[in-house]
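Try each task yourself before reading its solution.

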Amino acid sequence: MEVKNPVPFLKDALKQLFEKPVTESFPAGDPPKAAPEYRGRIVYHPDLCINCGTCLRVCAPQAMTRTMEPVEGGDRVTFTFDMTSCTFCRLCSDFCSRKAIELTDDYMIVGTKHEDFLVSGTFIKMKPVKKPAPDAAAAKPAPAKPAAEGTPAASPAPEKK
Amino acid sequence: MMQHFPILSIMVLFFGAFLNGIFGGKNAKARKIIVLASIFLSFLMVVAMTGPVMLEGQIISYWLGNWEPAMGFAFGIGLEVDAVGLFFGLIISTAVLVSGLYSFEYMSHDDALGYYYTLYLMLGGGVLGLVFSGCLFNIFVMVEIMTFSAVALTAFRNEKYGALEAAFKYLVVGSIGSTSVLVGTILLYNQTHTLNLAQIASILPSVSNGVTAVAFGFLFVGFATKAFLFPFQPLAADAHAVAPSSISVLISGVLTKTGVYGIIRLVYVLYQSMNLGPVKTLVVFIGTLSMFICVTMALAQHDFKRLLAFHSISQVGYVITAVGLSTALGVAGGLYHAMNHTLFKSLLFLTAGAVLHQTDTTNLDELGGLSKRMPKTTVLFLIGAASISGLPPFNGFASKWMIYQATFEAAAAQNNFGFALVGIIEMLTSVLTLASFIKVTQSVFFGQMPKKWENVKEVGNGMIIPMGILAALCVITGVAPSAVEKYLLAPATSAVYSVGKYINAMMGEGFAEGVSLSSETVAVDLGRSGYWNPLAWLALLGILLFGAFVAFVLLRKEAKTKESEAAEMFGSVDEKFEPFFSGERAEFSQVGGSDMFWGFKKVMRPYLDFMHDAHSGVVNDYVRWAVECLALVLLYCVLCGL
Amino acid sequence: MLRKLIDESAAKSPWIYHINAGSCNGCDIELVSVLTPRYDAERCGFKLTGSPRHADIVVVSGPITVQTRDRVVRTLSQVPEPKVVVALGSCPRSGNVFKGSYSIDGPLDKYCHVDVSVAGCTPKPEAIIAGLAKAAEILKEKRKEMH
Amino acid sequence: MNIVLIILKWLFHILVFPGFLFTLCAALLLAGIDRKLVARMQNRVGPPLLQPAYDLLKLFGKEIIIPRQANKKAFLSAPAVGLASLLVTSLLLPFSASFVAVSGVADVIVVLYLLTIPAVAIIVGAASSASPFAGVGLSREMVAVMAYELPLTIVLVTVCRKAGLMMDESGMTFSLATVMQYQAEHGAMITKLSMIPAALAMLFIIPCEVGAHPFDIAEAETEICEGTLAEYSGLPLAFYELAHYVKMFILTSLFCVLFLGGFTTGVVVVDLILRLIFCVVVTFLCITVPHAVCARFKVEQVFKFYWTWVLGLALVSLLLVWLGL
């Protein structure tokens with residue numbers, strides 16, 4: 001029989017019987033603070049956002065949705081972050097040039113309804129005053145795209161290390 | 001009138017067999033009338049004898065042809081019914097009656113029923129004749145009658161695989177037993193010049209020599225063969241597995257009892273040697289071996305009836321052990337257990353027969369889940385299983401309790417550590433018995449049901465009623481042990497010890513005093529066995545159970561099964577009430593009989609392998625065992641100089 | 001009286017049955033860590049059971065894969081009433097990074113009503129405890145509705 | 001009038017004092033203390049003392065699911081039979097030499113057999129639920145019964161012999177009251193050198209008979225999904241849980257009767273408190289500590305353990321007693 005010698009465990013157990021338990025007091029008291037650099041619930045600052053859409057591109061689980069409805073002088077842009085879909089990888093925050101997305105250390109993301117998990121913000125993106133020609137705008141990005149995609153793919157890779 | 005009852009109760013059965021042989025072959029109605037009439041008449045006559053014999057303490061003696069003893073010598077053939085004989089007679093006629101009632105429906109699928117009932121009545125008559133006989137040679141004759149009819153009945157369903165083989169084994173090894181009874185009888189006749197039991201009993205203690213010791217050995221082995229004690233247990237297993245269940249009842253409930261009866265007569269009455277250490281050791285040793293080895297063999301079986309067969313010998317081992325203790329409590333416990341064994345083992349064999357009748361198999365690995373289709377049989381089986389495992393309040397518990405107490409008190413009184421170990425083995429055997437019946441319960445009646453038994457039906461009343469009678473008797477004898485003790489056990493135990501009275505009843509007043517034996521009825525003190533008062537206990541259990549059920553009823557209203565809601569929620573009613581299968585769709589996955597008790601089997605593997613190899617199924621091996629055993633017992637008897 | 005006592009104790013002894021519906025094992029490990037001395041969910045009466053028949057709270061982790069879908073539904077149906085379904089982690093609610101994969105047939109809401117969700121990838125044990133406590137409260141409400 | 005009084009006394013015994021109510025309360029308390037102590041030995045806070053009661057009450061309110069393939073009658077009645085026979089056992093255990101609710105002259109054997117009925121009830125219930133997990137579980141349960149029953153028998157015989165040598169002319173007693181009487185006169189069994197191995201063996205037997213943690217092979221929830229109880233829910237499950245707690249109390253109580261008797265004052269209340277304290281101590285030694293320290297055994301390990309070490313201890317004790325030590 002390969003039964004482990006129980007004596008050391010017995011010693012521990014008897015010692016611990018008279019020690020103070022290590023259990024956190026949480027459900028009774030306040031939840032403890034998360035570790036530094038913890039990635040918790042997303043906070044979105046619509047006033048800083050410029051609607052560049054990078055976050056949408058980097059988000060692997062497609063946790064955010066953007067709705068745009070035209071209003072006078074621009075678009076009403078609504079970003080909605082679904083916490084039940086998020087992997088908390090912080091790529092959106094890292095890629096956000098204006099620091100409009102922030103991951104707080106609030107890990108208590110518990111709810112009963114779907115709405116409990118939505119973080120959203122709305123702002124109005126004003127249209128540029130001077131409009132470019134519609135056909136030029138359609139033609140220009142086409143040749144630029146391969147280049148734009150090719151360079152980031154080649155260059156950030158060494159930087160990561 | 002009453003003194004003719006012994007011979008009439010036997011002859012009614014034999015005459016019934018004769019009539020049935022003539023008229024019953026073709027005519028089912030005549031057959032039924034003849035069989036019913038003879039078994040009922042015989043049963044009533046045996047019951048009628050309880051009045052004078054059990055209650056008033058008389059001994060009924062009967063000389064055939066009125067050939068009474070002359071000049072102190074018994075010439076004629078005598079029948080003598082004392083309380084022991086009648087006790088076994090009652091057991092036997094009850095079992096024969098129940099088996100007969102059961103046969104009518106059970107054997108309805110078979111043909112050649114004329115032969116069946118003829119043999120069956122011969123068997124009953126032979127056994128009844130054996131226990132009522134007052135003549136040693138007649139005992140041999142009856143042994144032969146019952147053995148040969150039992151062999152023929154074992155082979156009755158000869159279309160079954162193994163039936164002829166089992167009958168052949170039984171015939172060969174059983175003949176060794178019968179022959180050794182005959183040899184023992186011849187040797188005793190040589191020494192005492194009489195065949196009358198009473199007269200032998202009066203002469204034997206004074207002529208004890210080597211020849212009588214050898215005769216003792218022969219007779220003991222002969223009766224042990226009839227009780228299928230170790231090492232004759234494989235015969236019973238083979239025979240039971242193939243014999244019709246109604247015959248299994250007779251083989252296990254009745255034939256084995258003749259062995260027990262023979263041994264009791266032999267050691268207590270004929271030789272009066274039960275207080276000798278070597279005899280006690282021999283009887284207890286054989287009993288304990290049978291008890292333990294057969295129960296472990298039973299654990300390894302995967303045929304319902306084979307399993308029951310091994311248990312049958314294990315329980316007879318209890319009886320023999322208790323009888324071998326040579327205390328009044330031991331004898332009473334042994335007799336009580338003998339009776340209970342007939343009741344519950346017959347019940348179990350009949351339930352096995354019901355299963356066999358409805359499904360055509362007794363293989364534990366094939367059966368399963370029959371409780372949904374055969375609820376009555378299941379309840380009856382559970383009563384039988386609880387009785388044989390000795391669960392209170394059924395009869396097995398009462399008698400096992402007496403046996404334990406007798407064993408431990410004998411151990412304490414004689415300061416015999418061996419007996420203490422025997423007592424512990426008895427308790428262990430009881431647990432192992434429970435284990436093997438758990439196995440049957442799980443793999444026949446509970447557990448999952450294979451598809452092919454979907455259409456199995458409950459057996460008819462013709463089979464339920466005989467089983468119900470036995471189950472009721474199991475409960476009654478378990479709940480009222482004090483009544484059983486007062487009216488059956490105390491007289492029978494007293495009769496075992498009152499040898500002088502037995503001799504006088506046969507040979508005339510004053511005969512026993514002539515050989516310096518007291519003819520007084522020996523008062524038996526069973527006072528210490530009256531401990532068990534199950535009624536008070538049952539009342540407690542009843543009240544608590546009632547409370548539990550009230551709680552059930554009250555609280556079930558709280559949480560009703562909302563099948564319809566579940567259906568709405570998940571779109572399917574079915575899954576909720578399927579067995580939990582780790583989320584898989586439930587499928588047939590029964591834990592079969594042979595897969596159970598893994599840890600036990602793994603640890604005991606060397607022992608079980610040894611036993612498995614020893615039970616080779618080859619008749620030559622079994623004959624070798626029988627002869628070796630006979631030789632050893634003879635050697636032992638001569639060495640100890642009984 | 002008895003009924004009230006039963007209602008009260010419904011929240012005090014929620015037994016948990018855990019279904020892994022294709023989870024990456026992260027949430028499973030965190031769920032077990034809830035029972036460790038540090039978090040000790042047993043002091044609120046939580047206990048992991050081995051059979052759905054004993055459970056009050058069913059914790060589902062993982063996106064519902066095609067392979068596990070039927071098993072999850074079947075097991076959920078085998079839990080006696082009153083019961084509460086808790087979606088542990090982001091996956092059962094949305095599919096998380098596996099969203100849209102050919103092997104995913106989520107989310108869990110398609111098959112049953114999810115009472116409590118604990119988001120996070122994986123949630124911290126404290127969050128799980130908070131979620132389970134909320135589930136226990138819902139259990140009590142459901143128990144009250146039963147009569 | 002007299003009969004009414006007797007019946008009332010009976011009912012009081014059955015329903016209140018050593019019977020139903022008291023046993024239930026004591027068992028729940030004991031179970032609560034056990035869980036708390038295990039938690040403390042594992043360095044955590046642990047559930048409240050009343051947690052077993054909460055569990056039971058909650059189970060009362062749950063739905064009862066009866067699987068379609070199950071035999072309904074056996075499925076529902078098995079737990080009640082098991083619990084009832086345990087409660088009957090509680091009536092047979094004497095609190096002091098003078099106070100026994102239902103006295104019998106040979107109650108040791110009755111207790112031994114009554115204690116197997118709950119196991120049989122669990123097995124029959126499991127068998128009737130037609131679940132393969134229950135099938136595996138009942139097979140394991142029976143192996144455990146076979147494993148501990150042999151040493152348990154020997155321990156009981158040893159105690160009976162030891163007490164009977166002095167107290168009974170036949171040299172053997174089967175009465176628990178006599179065992180108590182003996183200890184009141186000659187000091188507790190545990191103080192006798194020859195009885196110490198038997199007491200140790202009994203300490204090993206109790207957790208297996210109860211089905212407490214290192215020996216809970218039949219209900220191993222991580223391996224075989226609660227095994228024997230896999231299909232039970234709601235009230236029947238509560239009955240089984242209750243039977244589990246009551247068994248714990250009864251067996252520790254039996255240990256107190258067999259080995260720690262004799263420390264009695266004659267005042268029922270004081271005896272009661274004393275008995276409860278002893279029960280807690282015995283529970284701590286034989287159930288709580290192994291639970292906190294050991295991992296679950298395998299089936300054949302359990303069997304081997306009981307038929308070698310524990311059996312050896314019990315046999316040593318029996319031999320010593322038989323030699324008159």
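This is a predicted model: local features need pLDDT of at least 70, side-chain atom pairs count only at pLDDT 80 or more; totals for chains, interfaces and linings use all residues.

Residues are numbered from 1 along each chain as its sequence is written, with chains lettered from A and ligands numbered from 1 in the order in which they are written.

**Exercise 1.** Work out which pair of chains shares the most contacts, and describe the chain D side.

Step 1: Count residues as in contact if their C-beta atoms, placed from the backbone, lie within 7 Å. Of five pairs of chains in contact, B and D come out on top.

Step 2: Chain D puts in 71 residues and chain B 63 residues. On the chain D side, α6(D) gives the largest share, 16 residues.

Step 3: Sort that side by class (nonpolar: Ala, Val, Leu, Ile, Met, Phe, Trp, Tyr, Cys and Pro; charged: Asp, Glu, Lys and Arg; polar: the others, Gly among them). You get 48 nonpolar, 15 polar and eight charged residues.

**Exercise 2.** Find how α5(B) and α6(B) are oriented to each other.

Step 1: Take the helices (DSSP runs of H or I, at least four residues, numbered from the N terminus): residues 136-154 and 163-192 of chain B.

Step 2: The angle is about 175 degrees, and the axes are 9 Å apart.

Step 3: Angles over 145 degrees count as roughly antiparallel, so α5(B) and α6(B) are roughly antiparallel.

Step 4: Check who meets whom: B:Phe140 and B:Val143 are among the α5(B) residues, and B:Tyr170 and B:Leu171 among those of α6(B). The contact has 13 nonpolar, five polar and one charged residues.

Notes:
Two residues are in contact if their C-beta atoms, placed from the backbone, lie within 7 Å. Helices (H or I, at least four residues) and strands (E, at least two) are DSSP runs, numbered from the N terminus. Axes are lines fitted to C-alpha atoms, for helices over the stretch in contact, and angles run from 0 to 180 degrees between N-to-C directions. Angles under 35 degrees count as roughly parallel, over 145 as roughly antiparallel, 65 to 115 as roughly perpendicular and the rest as oblique.
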